[in-house]
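Let's take a friendly walk through this model, one region at a time. Have the sequence and the 3D view ready as you read.

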Amino acid sequence: MQSSIIGAAVKRVEDPRLITGRGRYVGNITRPDALWMKVVRSDTPHGIITDIDIEDAVGSPGVVAVFTASDLNLKPLSVGSPGADPRFTQAVPAYDRVRFTGEAVAVVIAETDKQATDAARQVWVDIDPLPTVTSPIDAMADDAPLLFPEIGTNIALDTTAEATADPLSDAEVVIRAEFYNQRVAGIPLENSNCLAVPDGDRLDVWTGSQNAFVHRNVISRCLGIDRDLVRVRVPDMGGGFGVKIAPVPEQVLCAAAAHRLGRPVRWQETREENLLTLPHGRAVYQFVELGARRDGTLTGLSVHTVAESGGYVYFGAYLPEFTIMVANGAYHIPKVQFSYQSVVSNTCPINAYRGAGRPEATSYLERCMDLLAEELDMDPVDIRRRNFIQPHQFPYRTPTDQLYDSGDYDGALDRALQMADYQALRREQAERAARGDRWRLGIGLSTYVEITAPQGRTEWGSVTVREDDMVEVATGVSSHGQGHETSLTQITSDVLKVPMDRIIYIQGDTGRVASGGGTMGSRSLQLGGTAVLHAGEDVVEKGRKLFATLQEAAVEDVVVSEGGRVSVAGSPDISMTWGELARVSGDALASQLSFDQDEATFPFGTHLAVVEVDTETGDVRYLRHIAVDDCGKILNQRLVDGQVHGGVGQGAGQALLEQVLYDEDANPLTTNLTTYLVPTAANMPSVEIEHTVTPTTQNALGVKGIGEAGTIGATAAIQNAVVDAIRPLGVTHLDMPLTPVRVWHAIQEASR
């Protein structure tokens with residue numbers, strides 16, 4: 001791929017539209033005849049529904065309909081985890097029992113949003129409260145209240161019976177630790193939404209989605225109609241982060257209401273609803289044992305995870321399987337044992353959130369590596385370097401049976417240390433400690449490996465040359481901020497040698513795209529980009545053969561030149577544009593195909609965070625962040641760096657600020673952005689970014705994923721930095737978020 005445009009930091013072609021207010025989101029789609037839906041939600045975290053009185057609501061101004069579960073008779077929302085009992089699925093809306101605060105129990109349909117909101121307040125729901133449980137640890141107790149009595153257990157998935165021989169048998173030193181990777185919220189800038197428009201038996205659904213085909217399939221299944229009768233379209237979209245992969249109940253209800261009434265219906269989530277009911281992420285307890293010899297060489301790892309599933313089993317219950325895939329991280333650990341239990345409780349369901357299982361692995365590994373370094377009186381750099389998988393060992397089969405494709409972990413670490421001037425930082429740290437400074441310096445390392453395209457490694461793409469000399473590129477991936485319109489246009493431009501402004505980009509439409517795996521798991525460029533690459537190459541070959549036939553030339557003599565002209569080598573005056581070829585081709589000058597990638601890819605990197613901690617107040621100042629990431633070949637560094645910046649911001653949020661909280665009775669405590677805090681520009685340093693390049697052989701572009709690297713590398717680095725700052729005061733570990741009050745209490749406890 002030697003070209004001026006492949007590898008160039010091309011500006012995002014979608015940005016002029018978005019930053020000048022010409023973006024088209026679901027909320028911008030004008031439908032004056034659309035009704036509005038408002039959801040009636042449970043204010044009880046666990047209980048039996050005894051009555052839903054809709055009489056006052058039905059008589060309210062503008063109300064068209066009020067629907068309960070018995071009115072709609074929808075099939076359950078099936079977005080669960082492989083291997084879990086299907087009875088853990090969610091009725092839409094709740095039928096006889098509610099299992100978390102905020103769960104939908106009815107919907108009101110009215111002529112205006114205000115009328116629907118007012119009428120929803122007139123629906124009276126009687127619920128007999130039941131005992132609640134919020135912690136998955138407590139939910140496994142013999143006397144714990146059962147959320148699904150008919151199943152007889154709160155444990156949805158359990159792999160503890162698969163344990164084999166002791167992986168620590170060869171260890172001379174064992175680090176034993178317990179960590180909690182806290183529950184966080186995705187909080188995309190654009191809340192969830194839906195506009196459903198019926199057309200006879202057909203249903204046209206506009207919604208924010210990371211995979212239009214998942215939304216189509218789930219909605220059609222819940223409504224009991226053929227999937228070919230449902231068309232899902234995704235316009236511009238303000239963030240997803242994993243929580244918009246599958247439909248939420250409200251999107252199904254909006255579609256069902258439109259289908260039932262024969263009129264367009266729209267729904268828009270509020271921020272409070274977003275924090276209350278949009279699936280949360282992380283939420284795992286980790287019990288870890290890391291074994292080593294006295295020289296620091298790792299010998300074995302044992303991990304047991306208890307994952308929160310929330311009130312229903314979504315895909316989040318399965319995410320420990322993704323943790324298993326990178327359980328040993330960047331390190332050669334001869335023996336690894338990993339078991340997990342996923343458990344329901346009276347809280348919002350858990351789903352994928354940026355990183356989805358991989359930050360959890362890096363979190364426990366990087367904390368344990370720091371603890372081991374302290375135990376053996378080694379520098380955190382040295383303990384990591386001693387155990388890296390070496391370049392000559394790739395492809396490397398891990399103890400959990402993953403095939404690491406390529407890597408140079410020392411290279412990324414070396415570059416990060418150089419950028420940070422690591423030894424100077426350590427000297428400053430020692431000087432501050434010797435002076436007894438109030439503000440202590442902390443340096444945190446995270447040397448991570450992640451898996452990208454972990455599952456579903458097939459993606460569809462097409463390239464079509466139109467008679468007007470425009471080129472359409474269509475893809476099954478779906479951008480929600482990543483810049484796919486730019487990257488896939490770059491690839492098409494390079495292959496067909498046409499200017500980028502002559503390329504039309506199509507995504508997120510089940511009516512125009514044949515199939516698609518969507519955007520998740522950092523899969524888009526390596527799968528969707530490669531599919532478009534091969535489709536474009538196929539179009540070029542078709543065009544060359546057609547031109548050769550028309551000009552009575554040898555195919556091997558036909559070339560494509562800049563500007564998108566096809567000619568005979570050495571005779572540029574005898575040429576045709578792509579549009580001219582399309583007009584004489586008879587059949588469409590097009591190609592569509594699915595690309596299948598054999599294995600996942602494994603990006604890696606080193607993140608280094610520098611903080612200072614006020615020993616008198618616990619306040620944390622986040623001073624520097626160095627990110628050296630390797631995602632294989634870089635198609636567009638502007639896009640890659642943007643993904644790293646965003647990921648680091650979310651990692652910092654989890655490390656320092658963010659946590660979804662419930663009280664002991666399962667009532668939510670963080671339902672707005674004054675109680676659930678997120679980082680702002682004032683909290684963030686300028687991120688210092690560089691890259692190493694270790695291409696993969698798994699696809700023709702040589703690329704790996706980058707979308708989630710920031711959250712994977714940054715979170716552990718920042719946590720390690722804060723603990724590093726207060727370790728001399730006797731604090732060996734702190735769970736996230738590392739808020740001032742938590743840090744202060746830890747310092748006080750250590751001083752007693």
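Strand β2 (residues 47-53) and β4 run antiparallel and are joined by two bridges; two strands count as paired if DSSP finds at least two bridges between them. Ile48 has Arg97 as its bridge partner in β4. Strands here (E, at least two residues) and helices (H or I, at least four) are DSSP runs numbered from the N terminus.

This pairing belongs to an open sheet of three strands in the order β4-β2-β6, with antiparallel pairing. Its edge strands are β4 (97-98) and β6 (124-129), each of which pairs on one side only.

## How the model is read

This is a predicted model, in which local features need pLDDT of at least 70 and side-chain atom pairs count only at pLDDT 80 or more, while totals for chains, interfaces and linings use all residues. Residues are numbered from 1 along each chain as its sequence is written, and side-chain values use heavy atoms, with hydrogens and water left out.

## Strand β13 and its partners

Strand β13 (residues 281-292) is largely enclosed by the rest of the structure, because nine of its 12 residues are buried (under 20% relative accessible area, with exposed over 50% and partly exposed in between, for a 1.4 Å probe and protein chains only). Strand β8 (residues 173-184) pairs with β13 in the antiparallel sense over 11 bridges, and strand β14 (residues 298-310) runs antiparallel to β13 with nine bridges.

Glu289 is a handy residue to look for: Arg176 stands opposite Glu289 of β13, and Ser302 is the bridge partner of Glu289 in β14. Five residues lie between β13 and β14 in their hairpin, and Gly296 in the turn has a positive phi of about 95 degrees.

Which span would you expect for the 28 residues of α15? At 1.5 Å a residue they should span 40 Å, and the end C-alpha atoms are 39 Å apart, which agrees; the expected span is 1.5 Å times one less than the number of residues. Just after α15, Glu552 takes a positive phi of about 55 degrees.

Thr530 is found in α15 (residues 524-551) and counts as buried, at 0% relative accessibility. Leaving aside neighbours within four places in sequence, Thr530 is in contact (heavy atoms within 4.5 Å) with Leu525, Phe595, Asn699, Ala700 and Leu701.
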